Amino acid sequence: MSEDIRALEPKLLWENFYQLTQIPRPSKKELKAAEFVAEFGRKLSLETIMDEVGNVIIRKPATSGYENAKGIVLQAHVDMVPQANSGSNFNFETDPIDAFINGDWVTANNTTLGADNGIGVATALAILESKEVKHGPLEVLITIDEETGMTGAFALKPDVLKSEILINLDSEDETDLSVGCAGGMNVDFEWTYEGTEKAPEEGTFFQITIKGLKGGHSGLDIHLGRGNAIKLMGELLKQAIAFDDIRVAALDCGNMRNAIPREAFAKVVVPNDLINEFEALMNEYEAEIVNELGVTEPNLKLEVEKIEAVEDLIPEMIQDDVINAICAAPNAIIRMSDTMPGVVETSSNLSILKSSKGKISGMCLVRSFVDSAKEVVASSLQSCFELAGAKVSFGGEYPGWKPNPKSEVLATMKAVYSNLNKKEPNIVAMHAGLECGILGATYPNWDMISVGPTIRFPHSPDEKVHIESVQRFWKFLTSVLAEMK
């Protein structure tokens, strides 16, 4: 079904996006896609550079009459978030994305689509390929590993790029001109222990599954009130272990640092004389969370099934500490912005919790437009987990991007947008980590803005991109390039 999208307009853009769907490119495994981009530039006989981490830079000279225009960098990232529905056997390291047209949208079959940020990459490549788009000197910068650490942006060296303007192609609403973004920080926590406890002989093992949640981008979707599977599992297990002899054997919850967790799995052992009470508790809890979240999460399910015995249990003290910490950890919106009405200023997302032999580890991603607020939330998480006996570390920190109300590129793009659409664009700042903050720190002279077509539910298998918005976005961006003479 993927090939149907090749007939969409603008064909250059959609053909490039189709080619990207055929190349596996989860974060940290996107080298083949980066090589595809580099080869794309070489085939056009354009100056092409791949740096030591895999970022690709392609330069295209100005079209006739635009030689004296300011240089522009078109920037996007080539990696994608690998999320699939439970039960899917999809392998993001080997399988092409099965993209298809569904009404007014392009989406994928049971997986993330990769429009974040494949549409941005495809747009930049289409402009390089086009013989009709008018523009000044262009540099296309395609970075790697944006989704799991912004490795490419951090590794970009100063003085490599020559332009004065950066247009980031990673925003997700065609009506928005993004002029700022939140910074972020990982809070990693870990319990380690020696030895395990043997499972009782007179007990039955069950796997508890929470699934069907929408998940989504932990920055862009954090205000939507969606359920966090890890928090829900924590509350459930807290009620379960209140029966003294019910014990936890394993945890497997969430898998992406920047996604709201959609699924959580726990293995527990229940004494045979408590099975009826346990099953009643599961039914009661499912009714509670459906009552609480049923409108926002209509597909939420709690499933309990008998499984084969697990030999070892998590030590009881560690088990209790983990569950209490998960229940206590700050999560979701912490504060709304005072200066940007309707925008989330600070948030935290509990994203991963997993057990393995002798270890239980997890991660939260804290975001904020205010560095001090980010640090306060990270400190509160540190206190929460350290009080529960975990070791805590910080990593993956990246800066925010402060809006520039005097931006010349913003003024130009506002005027072009208004002329094309007969209405004003929305000027916004994103509660998500764009590479602009990192790149702007390396190139402080840049005038920056972020734009893109309409994408919904990124970082989840519901991800989709609006077809007509891509067409309008293409006309808008190419008109902006022509206007910057």
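User: What makes a feature count here, and how are residues numbered?
Analyst: The model is predicted, so local features need pLDDT of at least 70 and side-chain atom pairs count only at pLDDT 80 or more, while totals for chains, interfaces and linings use all residues. Residues are numbered from 1 along each chain as its sequence is written, and side-chain values use heavy atoms, with hydrogens and water left out.

User: Why is the pair E174 and R472 called a salt bridge?
Analyst: A salt bridge is a side-chain nitrogen of Lys or Arg within 4 Å of a carboxyl oxygen of Asp or Glu. For E174 and R472 the N to O distance is 2.5 Å, so the pair qualifies. A search of the whole structure finds 23 salt bridges.

User: Where do E174 and R472 lie in the chain?
Analyst: They link distant parts of the chain, 298 residues apart. E174 is in the loop between strand 7 (165-168) and strand 8 (176-181). R472 is in helix 11 (residues 467-483). Helices (H or I, at least four residues) and strands (E, at least two) are DSSP runs, numbered from the N terminus.

User: Why is E174 called buried?
Analyst: Buried means under 20% relative accessible area, exposed over 50%, and partly exposed in between (1.4 Å probe, protein chains only). E174 has 14%, so it is buried. R472 has 35%, so it is partly exposed.

User: How do you know that K198 and D312 form a salt bridge?
Analyst: Their N to O distance is 3.3 Å, so it meets the cut-off. K198 is in strand 10 (residues 197-198) and D312 is in strand 15 (residues 312-313), 114 residues apart. K198 has 57% relative accessibility, so it is exposed. D312 has 17%, so it is buried.

User: What other salt bridge does D312 make, and how is its partner K357 placed?
Analyst: The side chains of D312 and K357 meet at 3.8 Å, N to O, so this pair also qualifies. K357 sits in the loop between strand 17 (344-356) and strand 18 (359-368), 45 residues from D312. At 73% relative accessibility, K357 counts as exposed.

User: Which residues make up the network of salt bridges?
Analyst: K198, E311, D312 and K357 are linked in it.

User: Which residues does E435 touch?
Analyst: Contact means heavy atoms within 4.5 Å. Not counting residues up to four places away in sequence, E435 touches Q75, H77, T143, E146, M150 and A153.

User: Why is F205 called buried, and where is it?
Analyst: F205 has 4% relative accessibility, so it is buried. F205 is in strand 11 (residues 203-211). Leaving aside neighbours within four places in sequence, its contacts include A199, A249, V268, I307 and L313. E308 is also in contact with F205. F205 and E308 are 103 residues apart in sequence and 6.5 Å apart in space, C-alpha to C-alpha.

User: Which residues have a positive phi, and are they buried or exposed?
Analyst: S45 has phi near 60 degrees and is not a glycine. S45 has a relative accessible area of 68%, so it is exposed. D145 has phi of about 55 degrees, also without being a glycine. D145 has 2%, so it is buried. S45 lies in the loop between helix 2 (31-43) and strand 1 (47-50), and D145 in the loop between strand 6 (138-143) and helix 4 (151-155).
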